[in-house]
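Colleague: Hi! I'd like to go through this model with you, with the picture open beside us.

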Amino acid sequence: MRCALAFVLLTGCGSFMEGFHKGFDKSFHDSCVTGAIKKGADKAVAEKYCDCAVVKFKETKSMDKAAEACAPK
């Protein structure tokens, strides 16, 4: 019984975390694009940079590394 309850709880946590990460990614991306455009970036450039930044931030857990890896060349 305890194992079944633990499984149900852990499965629920996985779903919660998946939803949390998707929400975080969208929020991060959208605020990144808005901020970049406010600072004068072209929308297409901002979208490309922010798409990259979301991925690199999740990989490295470092905004500095994400910014460096995604900076327009």
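**A chat about the model**

Modeller: Let's start with a side-chain pair: histidine 29 and aspartate 51 make a polar contact through their side chains, at 2.8 Å. By polar contact I mean a pair of N or O atoms within 3.5 Å; within protein, one must be able to donate a hydrogen and the other to accept it, and residues adjacent in sequence count only if both atoms are side-chain atoms.

Colleague: Good start. What sort of model is this, and how are the residues numbered?

Modeller: It's a predicted model, where local features need pLDDT of at least 70 and side-chain atom pairs count only at pLDDT 80 or more, while totals for chains, interfaces and linings use all residues. Numbering runs from 1 along each chain as its sequence is written, and side-chain values use heavy atoms, leaving out hydrogens and water.

Colleague: What is the mean pLDDT of the chain?

Modeller: The mean is 84, and 77% of the residues reach 70 or more. pLDDT is the predictor's confidence in each residue, from 0 to 100.

Colleague: Where is confidence lowest, and where is it highest?

Modeller: Confidence is lowest in α1, with a mean of 74, and highest in α2, at 96.

Colleague: How many helices and strands are there?

Modeller: There are 3 helices and 0 strands, so the pattern along the sequence reads α-α-α. Helices (H or I, at least four residues) and strands (E, at least two) are DSSP runs, numbered from the N terminus.

Colleague: Back to histidine 29. Is it buried or exposed?

Modeller: Histidine 29 counts as buried, at 14% relative accessibility. Buried means under 20% relative accessible area, exposed over 50%, and partly exposed in between, with a 1.4 Å probe and protein chains only. Histidine 29 sits in helix α1.

Colleague: Which residues is histidine 29 in contact with, leaving aside neighbours within four places in sequence?

Modeller: Glu47, Cys50, Asp51 and Val54. Contact here means heavy atoms within 4.5 Å.

Colleague: And glutamate 47, where is that found?

Modeller: In helix α2. Glutamate 47 is partly exposed, with a relative accessible area of 25%. Setting aside neighbours within four places in sequence, glutamate 47 is in contact with His29 and Val33. The C-alpha atoms of glutamate 47 and cysteine 32 are 8.4 Å apart, although 15 residues separate the two along the chain.

Colleague: What about aspartate 25? Which side chain does its side chain make a polar contact with?

Modeller: That would be lysine 58, at 2.9 Å. Aspartate 25 is in helix α1 and counts as buried at 18% relative accessibility. Beyond its neighbours within four places in sequence, aspartate 25 is in contact with Val54 as well as Lys58.

Colleague: Switching to greasy parts: which residues make up the largest nonpolar core?

Modeller: Five residues do: Cys32, Val33, Ala36, Ala46 and Cys50. Helices α1 (2-38) and α2 (43-60) each give two or more residues to this core, and α1 provides the largest share, 3 residues. A nonpolar core is a set of buried Ala, Val, Leu, Ile, Met, Phe, Trp, Tyr and Cys residues joined through side-chain atoms within 4.5 Å.

Colleague: What does alanine 46 touch?

Modeller: Not counting residues up to four places away in sequence, alanine 46 touches Val33, Ala36, Ile37 and Ala41.

Colleague: How many aromatic pairs does the structure hold?

Modeller: There are 3. In one of them, the ring centres of phenylalanine 24 and phenylalanine 28 are 5.8 Å apart and the planes are at 35 degrees, so the pair is tilted. Rings of Phe, Tyr and Trp (its six-membered ring) pair if their centres lie within 6.5 Å; planes under 30 degrees apart count as stacked, over 60 as edge-to-face and the rest as tilted.

Colleague: Why are phenylalanine 24 and phenylalanine 28 separated by about one helical turn?

Modeller: Because they are 4 residues apart in helix α1. Phenylalanine 24 is partly exposed at 33% relative accessible area, whereas phenylalanine 28 is buried at 16%. Phe24, Phe28 and Phe57 form one aromatic cluster.

Colleague: Last one: where does lysine 61 lie?

Modeller: Lysine 61 lies in the loop between α2 and α3 (63-70). Lysine 61 is exposed, with a relative accessible area of 64%. Its phi is near 60 degrees, a positive value in a residue other than glycine. Most residues other than glycine have a negative phi.
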